[in-house]
Amino acid sequence: MTTMRLTSAALAAAAMVSCANSPVAARQGAAGGAEGVRVPGLSGPDAALAYPAAFFPGAAYDAGIPTPDNVMGFTLGERPATYTQLKAAFEALAESSDRATLVEYATSYEGRSLYYLVITDPSRVGDGDDPFADLKRDLRSVADPRSTDAADAERLAGQLPAVAWMAYAIHGNECSGADAALAAAYHLTASTSAETAQMLEDLVVVIDPLMNPDGRDRYINRLDESRSTQPAHDNQSMAHRGQWPSGRTNHYLFDLNRDWILGVHPETRGRIEAIDEWHPLLLVDAHEMGSLDTYLFSPSREPVNPNLPQRRKHWWDVFALDQGAAFDAFGWRYYTGEWNEEWYPGYTSSWAGFRGAVGILYEQARVAPDGIKRPEGTVLTYRESVHHQVVSTMANLDTLQANRAELYEEFLAERRQNVSADAPHADRVFAIRPWNNHGRMRIFLELMQVQGFDVFVADEAFSAARAENQLGIVSENAEFPAGTLLIPNRQPEAPLVSAMLEFDPRMSEEFLRWSRREILRADDPKLYDVTSWNLTMMHGVPASVISASDVPATSPLELGDASGGVENAEALVAWVIDGVDDNAAIAAARLMEAGVEVRAANKAFEIGGTTFARGSVVVTRNDNQLLPGSDDELIRTIDRIAQDLAVRAIGIDSSLGIGVENPDLGGEHFELLERPRIALVGGPDVSSYGYGTAWHAIDQRLGVPVALLTSTGFGGVDLRRYNTLIIPSTWGPFLREHQAKISEWVESGGTLVAMDNSARQLASEESGLSRVRQLPDVLDNLHDYEITLLREITARTEQVDTDAIWDRDAAGDVAFPWDHEPGEDEESAPDLSLPATDELERRDEWQSVFMPAGVMLAGRIDDRHWLTFGDEHMIPLLMGNNGVLMTKPPVDAAVRVGMLIPEDDLAARRVGWAVMPEGQRLLVRMSGLLWPEAAERLANAAAITRERHGNGQVILFASEPNFRGATLATQRFFLNAIVFGPGMGASHPIIP
């Protein structure tokens, strides 16, 4: 992080920033005074936009500190300030006041710096690169009681100022918070009152004014483009509703308010690391919501995550009383709870609660500068919305100041509890065996590091008396090798460790009764977000829970720099990158982009004493004879890409795999790939989230070019330039209108990848592009789909009776997968026949009511299919109310819902739409809320499908494979579709 101080020349330049940045703003006045702030159009002022109230009436300020109005060139709160205007104003405060220090903590994708302003008593500001180094050291001593003796920790807790981290505008189109942040910052910096001086003696106020600068400027630019000279008070107008993609999200259209436990983006990672230095007791997260709403603040309602320390609820109530009283003084309407629940721990204020802070959410009705006409006939102005946020900010700071001593006492006690032997889950350790998917493991471990978690490595092999895996299966005396990664729950950040890594947290029975009642009454499960997010499952990292008593000698994990490159540069035949690593697929894409001919192994093989997984990437000398340059250039290219991705490109000197079953390099198991030429469709018909996650996966992870197409101009696109077309979740007529165009392109050799609602739309007879169907459409013909499923299952489990095979008689007692011999307690075998169609339709209609809001399911994979390179048995699937996809030949089901577990005494039975053979248990739910009705409906459904269509192919993902950039197992299969699809699944690739 960089501490920023402006020179006088820079300050003078900053003061010149004005409303000229905006074409609409340039023709607006900046009136104030008795008439209040207004936004006049060409025909004069609109009286409805007058808001005469001052944010801090009667306050006296230091004249030597420039006002935001003077720096920006317009009255604060008149309209949303741009990133540049806000930054100039905050830089001016830092330059002119000894109370304020500006610190840069991250840089956005578009190159904008993210910063916070520290405001406190000048006596705390030191010299050097970090003027708060001593203060941070003392805060750290209290936050980690292991590093400080009890007396010193108690002394520090009694002396230290309480830190408040006040964060605003993580959604770029929710503007009022950032302007309120500037108003509060100016007041705290420039106020000459004794009350303000005392507050800054008791507190350190950290103002993080603009958490999403890219989104804010996108929103403001489009806001200016859509405004008229006459104010538009109608909340349905474009100025208030926005355009696609909205400014809510960051550059890649991610919702940063869901990223706190995922840490995918630089904005989040920088902010987490900054907050970790300050250990705030209060963290505020200021938002906006629907324009006709009022104002919401904490506390939240159920479900509340069980790992959140219980005292947070007490402090929510304490802060709410003061915040409500501050609003009551103005007669403003507000509410708490209602839609705001506290289950997902990845929101700003929620995440903070697990780290020892009181996390408080603000939600102000969203207002553009034109103001919103409300149902009662009044007009809510933008400046008033800013005022609401200012009042909330100061009310919360007052409450923190008044309760500093008690909050510090509780903070220290809680942190001591986290590291004590009697802490909740103190005996729990998350264990991860060594794995050769180094790329995925590094992403996971870097996230653990960013979150500040203690991670250790087992120095020796050991046995755990009891180990529970992610499916809830318990093994006794489980063996773990040396090098096993160990994350103890007993550590300073214990509540957050639990919240992020606990396999299966449970909601209260009271909430479940309420949720089910509301589902049946109003199709409303009373859930705001996904119900499962376990990070080992999200990342597709196999893990177990063991007891701390079984842990051997360990060493702290030292992640260090990853390394890779060419090994055996003089290899006679080829270089191989092991396909178990996600980075192998990425390496293949980058090698092809560099002009290298690449093959992929569709079967595991051993050459030269080294075993390679299926999906391994092979670059042969023979294939690359026509590559421009010398052999040395080929090797340099491989080495550069392997180093960038930290993978080993192992040279081999023979094409011969020893043994008949071991593939040879010249055989059918090493398929030549085709360089992906990728197009991605976005636009008003497309989910911005699905589009953004696919874009991010291709641009940031694959690191290859992608053409970004618009749905509105798709009719004029020449698809012959591409061999891979990605359609994220869509709605409306897009697919129907362009069905013929897309179908012709696929038939010519294109690879079509469709996700979520697009997959649902294509899984219909009307689409003409896919033979996949949805469950409700095949209830009158389930026989074919059931036989397909039984063939797949028995192919995995069937035993061969050699006597019966070679017997010359037709015995007449052939067994069928649905056979069941009655047990001693059964009078007759159960009826496993399909119910009548009308009964099936009635059951499906009932079960569909209970589809999940976002749950982690077990996915069993076809380990012979190229789409599943990188995994061998099971992957976690994050699914919601997606289509239930059904397949039969010639469609491949690369992944299905439910993991098969042998269980000897289990009888054949009907599970949902299909019979399960005897001896097979089907585990569906891994984590999260899944009603039994939905489990039955989803069991054995296809999650990822692939089929030929002419010379091309269609690949469907039933749910979002790149969810929030964090579902790395399904993201690997998405990347497989892109990288390997044009060469392995399509023929006669299109030549541009």
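Two strands count as paired if DSSP finds at least two bridges between them, and the strands themselves are DSSP runs of E with at least two residues, just as helices are runs of H or I with at least four, all numbered from the N terminus. With that in hand, let's walk through the model. It is a predicted one, in which local features need pLDDT of at least 70 and side-chain atom pairs count only at pLDDT 80 or more, while totals for chains, interfaces and linings use all residues. Residues are numbered from 1 along each chain as its sequence is written, and side-chain values use heavy atoms, with hydrogens and water left out.

At one end of the order, strand 15 (residues 462-469) and strand 16 are joined in the antiparallel sense by six bridges, and alanine 467 stands opposite serine 475 in strand 16. Contact here means heavy atoms within 4.5 Å.

Next comes an open sheet of six strands with mixed pairing, in the order 20-26-21-25-22-27. Its edge strands, strand 20 (565-567) and strand 27 (670-672), each pair on one side only. The twist here averages 30° from one strand to the next. Strand 21 (residues 574-577) pairs with strand 26 (residues 648-652) in the antiparallel sense over three bridges, and tryptophan 575 has glycine 651 in strand 26 as its bridge partner. Lying across strand 20, strand 21, strand 25 (617-620) and strand 26 is helix 20 (residues 631-645), which runs at about 125° to strand 20.

Finally, look at a pair of helices. Helix 19 (residues 582-593) packs with helix 29 (residues 968-984) at an angle of about 25°, their axes 10 Å apart. That makes helix 19 roughly parallel to helix 29, a term used for angles under 35 degrees. Among the residues that meet are Ala585, Ile586 and Met592 in helix 19, and Leu975, Val979 and Phe980 in helix 29.

Terms used:
Axes fitted to C-alpha atoms, helices over the stretch in contact; angles between N-to-C directions. Parallel < 35°, antiparallel > 145°, perpendicular 65-115°, else oblique.
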